[in-house]
Amino acid sequence: MAATGMGQQWVLVEMVQAFYEAPAYHLILEGILILWIIRLLFSKTYKLQERSDLTPKEKEELIEEWQPEPLVSPVPKDHPALNYNVVSGPPTHIISVNGKECINFASFNFLGLLDNEKVKSAAQASLKKYGVGTCGPRGFYGTFDVHLELEERLAKFMRTEEAIIYSYGFATIASAIPAYSKRGDIVFVDEAACFAIQKGLQASRSNIKLFKHNDMADLERLLKEQETEDQKNPRKARVTRRFIVVEGLYMNTGDVCPLPELIKLKYKYKVRIFLEESLSFGVLGEHGRGITEHFGINIDDIDLISANMENSLASIGGFCCGRSFIIDHQRLSGQGYCFSASLPPLLAAAAIEALNIMEDNPDIFQTLRAKCERIHKALQGISGLKVVGESFSPALHLQLEKSCGSREDDVKLLRRVVDYCMNSGIALTQACYLEKEEKCLPPPSIRVVITVEQTEQELDKAASLLKEAAQSVLN
Amino acid sequence: MANPSAVCNGHLHHHHQKQNNLLKSGICKKNGITKGMKKNGVSNGTLYKKTFIEHFEQAPMYVAVLTFLGFGVGTVFGYLRDFMRAWGLEKRNIATEREEQKDFVPLYQDFENFYTRNLYMRIRDNWNRPICSVPGPQFDLMERVTDDYNWTFRFTGRTIKNVINMGSYNYLGFAETDVNALKTVTIELQKYGTGVCSTRQEMGTLDKHVEIEKLVAKFLGVEDAMVFGMGFATNSMNIPALVGKGCLILSDELNHTSLVLGARLSGATIRIFKHNNMQSLENLLRDAIIYGQPRSHRAWRKIIILVEGIYSMEGSIVRLPEIVSLKKKYKAYLYLDEAHSIGAVGATGRGVVEYFGMSPDDVDVLMGTFTKSFGAAGGYLAGKKELVDFLRTHSHSAVYATSMCPAVAEQIIRAMKCLMGLDGTTQGLQRVRQLGRNTRYFRRRLHEMGFIIYGNDDSPVVPLLLYMPGKIGAFARRMLEKNIGVVVVGFPATPITESRARFCVSAAHTREMLDTVLNALDELGDFLRLKYSRYSKSSHPELYEETSHELED
């Protein structure tokens, strides 16, 4: 103990001695170092960020500063949509556009039922009995006996179990899709699908896969891709519903979907098919039942068919038909069905009468087809314009053979063709699109609509006039 | 507790001393279940020109407990019957998948339809009742029976005549078949037929549409208007044209599905504020402007507030003066859906804007439908010329949807002319006044009887709270036995505990009809024990004498 005590003492003495002997600058340096260490020990090792909370004053300033965009951007006065055609009187076979009398090649009145006396008197009788509006949605006393009758008649006409009617054509498919397809489900859709389908898909928030227009190989590629995806995650695959959505006759291109191939793919990959038939219902097939009849396909192979009653039936509204297992679901889940006022009874009565006429005169569809083919042939070979669409499509498109560079110029050019025809007594219109909203914007086109009321002379006149117009405007 | 309406200003002074005790501020009806009457009786000196009284009385606690119990029992039996169906002990009535498609991914998950299958199905006969006459103050119902507990219905071929219609939105009684009234409609129907077969931008703008749009703009006192063929689509197809990515939508929690769908389709960010709660709205507005968009923190491009004039399930009227002052303060835009209020409120039927004595310029986008007060179909959007010009070019409806049926347009024109007095009579004005009288009378009597009814004293939409799921069916069936057609609503259209019946008062209802309904309600209210209110006393001492009522519990 004493020895170690001695040793420690000795070290201490030596330290003190060393302290005295050390040079002053050394001591000063060490002193500074020690102070530095102390400072480092006690100061914060990092700087806290300045507090980010805004003071009430700053908040007020921010609120004061904020300038929103105007609610709407100004529309140039010469925008074509602001200088729209005004039709005086009914838009029937002979139409008065902007005060000029023309033959109508623009309204989708395929069967000429718009001014049919029988249809009108059915509507009149209904007006007398029910008045105009229904004053309620279907659930709350908005279901009229006429609605039930129309649903039954449509189901019978289409040879399906059940039909459901909507009060607006656009809302039909746009409500039907999200009734079944939910978030996480997969929808394979043709890229040329019309806007109502696009909106329905958007509302469904499903996973959307676009395939090239009418390209079954491309669709199969996507289906195969999905199949391999499913094998990776079979649990998820068991609850992921999948649908193919196509149109019978495409509104935007005028051609038909290859339904037989689609059916094959349906059973091969177990995908349901939803078919939009607004153009083909009351047009294609021996009895006007649409694309299924056209191809001779069992209608039960299609899961859901939707169409509007605004074209062939010349009324307002739309319907879906199919098996009860599928259709009935929309009565609680179709938003446009549940939450909207029902169809005015007079419009339903008109649709019923139109169905009667279609059933009584099945040759009307043959007549329409013959007329379509006639003008389709007559329109071939116009220099500068090409015909797009099937020969039997009652709405076909004339597109520019060669674009002049910008869409705007193309539209203007076509507009001149339309005006030329209008001046000579043929009413035509360009197909209108919301350019920024469309998923795959079709090229600008003039839409030629064929109805049974147009005589052969009128069809020929329209064709030759278009030829003339193209010559004078495009060349 | 801070009163929500104190946001923009002012002091509240309650006119009636008596009222003061009962007045509990706050619209939020979720807190304090045991609290009694809750009202917003705000007479705000600066913003409101008249007393603004809304009722949202809370049910007693035992009611809430019994309601949940009711749902619980229903659910247990539902599971039991599902179990029995699965084991083949009970017949499966539900439509099934085709044999060929049995191996497809099921279209519906079992649990999705549990509620429909087991609870809704029990009382399904109270909805979709088909009618076979004009939906006027009285209508004829097609009698239907079921042989399999509501899975299917069979029509007996008989009609139940002259049922008093308390369900249709026929506020001004324009759903009528009077030959003289419909004269012009008949003529136009003969002239135009039913369809249009084209869209507005292609070949579907008829002279009739030009005429109606001018008239609507004049009626509303705005620069221009545009009409659409369907009320629902007016919202869902036009909101996306007005707002988009980088914009903020502030939407009332009880907004109609069409507004919600439109908002969703627009791609804008959506934030929800509490129903008619100005504090909640202002907080959202402030935060939105101060903090900008989430993640990117850029400033919002624009902020739009979506509200309805009268809420169809609550019967409440939007607090428009406060909303307008908020939107001005924060430079937001206001989209007002007057589906239920146009024609139904305001001294001359110009909707909530007139009701509050405000200018149509205070609202950026005026929307409304023709289905209700006008007895037609379709909807309109109105406002500044720039707005309507923009819609003519950008509305989804103008480009892709068939335009309005001209005969329907004529019905709207004639009803509107009648309201404006352009037909040379004061009939329109009388209808508006009659509706006001009927509404106040009906609501006052229900209050007196001790029912809990929601909403504003001036709102022709009158929800009467039933609460318990079992009472929904019982109420509607017994009312039908008394020849009265009512609308009942339950989950999911309302919160789960707040099932209700909803009456729509019409100018076409005579005092006798209303008395018949009221007497039936009085009787049924006792039988089903629906008189939950503990404050059956008048909230308007000036309207009728004070009598002491026993407070029910």
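## The second largest pocket

Ala, Val, Leu, Ile, Met, Phe, Trp, Tyr, Cys and Pro count here as nonpolar, Asp, Glu, Lys and Arg as charged, and the others, Gly among them, as polar. With those classes, the lining of the second largest pocket has 21 nonpolar, twelve polar and 13 charged residues. This is a predicted model, in which local features need pLDDT of at least 70 and side-chain atom pairs pLDDT 80 or more, while totals for chains, interfaces and linings use all residues. Residues are numbered from 1 along each chain as its sequence is written, and chains are lettered from A in the order in which they are written.

A pocket is an open set of points on a 1 Å grid over the protein atoms alone, where a 1.4 Å probe fits, with protein on both sides within 12 Å along at least five of seven lines; lining residues have an atom within 4 Å of a point. This one has a volume of about 1,400 Å³, the space filled by probe spheres set on the points. Closest to its centre, of 46 lining residues, are His79(A), Tyr433(A), Glu435(A), Thr393(B) and His394(B). Helix α18(A) gives the most to the lining, with eight residues; helices are DSSP runs of H or I with at least four residues, and strands are runs of E with at least two.

## A sheet in chain B

Over in chain B, β13, β16 and β15 form an open antiparallel sheet in the order β13-β16-β15; strands pair if DSSP finds at least two bridges between them. The edge strands are β13 (461-467) and β15 (487-489). Six bridges join β13(B) to β16(B), and Pro463(B) has Arg502(B) as its bridge partner.

Terms used:
Side-chain values use heavy atoms; hydrogens and water are left out.
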